[in-house]
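This report walks through a few parts of one chain.

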Amino acid sequence: MDVEERLALVKRNAVEVVTDEEIVELLKAKEHPKAYIGFEPSGLVHLGWVLVAQKIRDLTDAGFEVIVFWADWHAYINDKLGGDLENIRTCARYMEDCFIALGVPKDRVRFLYASELLSDMRYWETVINVGKASSLSRVKRAMTIMGRSEDEAEVDASKVLYPLLQAADIFFMDVDLAYAGLDQRRAHMLARDAAEKMGLRKPIALHTPLLPGLKGGNRMDPVESKMSKSDPTGNIRIHDAKEDIAAKMKKAYCPPEAENEDVNPVMMICRYIIFPREGSMHIDRPEKYGGPLDFASYEELKAAYYGGGLSPVDLKSGVTDGLAKTLGPVRAYFDEHPENYDAIRGIVENLKKLR
């Protein structure tokens, strides 16, 4: 596979690479560069993970060694799952199952816990050096990566550590490319800025879009309106049965105006989930409304929907069928391997009772 083919895989369905010149040079210089993506283990997995799993597969196909980093101590700082580390690590084991169920090649990905790094004094030297290279105001602005406002540092000072840890993770693992959703951009820019001051190689930053929640997105603040595991009526979980998907789809925001494409959750599911996973889309439309439709590309579907040739009801029906097909292997996997899924569901239910 030549550099252009590898570059196309890396950039497929991405919204940003910082920078294009650096990724080209990296692919020319290294056959097997190192990439990472970090996760807070924090609950049940929704549809956005399908997009992430596909991008991890793209990176491995492009020759990258990929680290999936379970940020257990980071999640503890961020008060996830009751601030209980054992709950958080149980969730990480469940999330590893999710990635395997979604087709991430286990033999080409390394799963690593933050706690495996934190016992090394050199890691803490890196954290301190990142702090020395970063202003407090810059670090507090980056706290949005954890869904927190700058003011929350006044309540719990440990939260200021979070962006420093995330930048230190990148340097300590010596990754060439840091991958995440667009909501993590500030952490990556903090790391790039700190790298320049510390005399280190800048990590390339790769960002994929955020799926909007089913209630609709906000192009002025896509992070605020992203699909979230904390909003069960605004997300589709990868475990949802077809009837659950259909019920949620009926209520999903689906404007027919083309200028609203990027805030239309139904169309974004087509663009970033169904077509990349299935390669095409079938809509079993009743004969009295014109009969079944097949689309070979998202662009064909987009032209039909925004051109008035496809109704929201029929589009949602097609998306329901498409997602049921895409998520079928996930349900089959967890039917055979229910232990970690059952464990995290029990934790989530117990935490709800305590609220």
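Helices and strands here are DSSP runs, a helix having at least four residues and a strand at least two, and they are numbered from the N terminus. The model is predicted.

## A residue in a loop

Start with V15. This residue sits in the loop between α1 (3-11) and β1 (16-18). Is V15 buried or exposed, or does it count as partly exposed? Its relative accessibility is 42%, so V15 counts as partly exposed.

V15 and L206 are 191 residues apart in sequence, yet their C-alpha atoms are 8.1 Å apart in space. Setting aside neighbours within four places in sequence, V15 is in contact with L182, H207, T208 and P209.

## Helix α3 against helix α12

Now turn to two helices. Helix α3 covers residues 48-61, and helix α12 covers residues 265-278. They pack at an angle of about 45°, and their axes are 9 Å apart. The crossing of α3 past α12 is left-handed.

Which residues make the contact? From α3 come V50, L51, A53, Q54 and R57. From α12 come Y272, I273, P276 and R277. By type, the residues of this contact are 6 nonpolar, 1 polar and 2 charged.

## Helix α12 against helix α14

Helix α12 has another partner, helix α14 (residues 312-336). Their axes come within 10 Å and cross at roughly 40°. α12 and α14 are therefore oblique to each other. α12 passes α14 in a left-handed crossing.

On the α12 side, the contact uses V266, M267, I269, C270, I273, I274, R277 and E278. On the α14 side, it uses L315, K316, V319, G322, L323, K325 and T326. These residues divide into 9 nonpolar, 2 polar and 4 charged.

## I269 within α12

I269 lies in helix α12. Its relative accessible area is 0%, so I269 is buried. Leaving aside neighbours within four places in sequence, I269 is in contact with L47, L211, L214, I236, M249, I274, V319 and L323.

D156 is another matter. I269 and D156 are 113 residues apart along the chain, and their C-alpha atoms are separated by 37 Å.

## Aromatic pairs

A pair of aromatic rings is described by the distance of the centres and the angle of the planes. With ring centres within 6.5 Å as the rule, the count comes to 16 aromatic pairs.

Take F39 and W49. Their ring centres are 4.6 Å apart and their planes stand at 35°, so the pair is tilted. F39 lies in strand β2 (residues 34-39) and W49 in helix α3, so the pair ties together parts that are 10 residues apart in sequence. Both F39 and W49 are buried.

Next come F275 and Y298. Why is this pair edge-to-face? The centres are 6.3 Å apart and the planes are at 80°, so the pair falls in that class. This pair links distant parts of the chain, with F275 in helix α12 and Y298 in helix α13 (residues 298-306), 23 residues apart. F275 is buried, with a relative accessible area of 9%. Y298 has 8% relative accessibility and so counts as buried.

## An aromatic cluster

F39 and W49 form one aromatic cluster with W70, F99 and F111.

Notes:
Residues numbered from 1 in each chain as written. Predicted model: local features only at pLDDT ≥ 70, side-chain atom pairs only at ≥ 80, totals over all residues. Heavy atoms only, no water. Axes fitted to C-alpha atoms, helices over the stretch in contact; angles between N-to-C directions. Left-handed = near helix turned anticlockwise from the far one by under 90°. Contact = heavy atoms within 4.5 Å. Nonpolar A, V, L, I, M, F, W, Y, C, P; charged D, E, K, R; others polar. Phe/Tyr/Trp six-rings, centres within 6.5 Å; stacked < 30°, edge-to-face > 60°. Buried < 20%, exposed > 50% of the residue type's maximum accessible area, 1.4 Å probe, protein only. Parallel < 35°, antiparallel > 145°, perpendicular 65-115°, else oblique.
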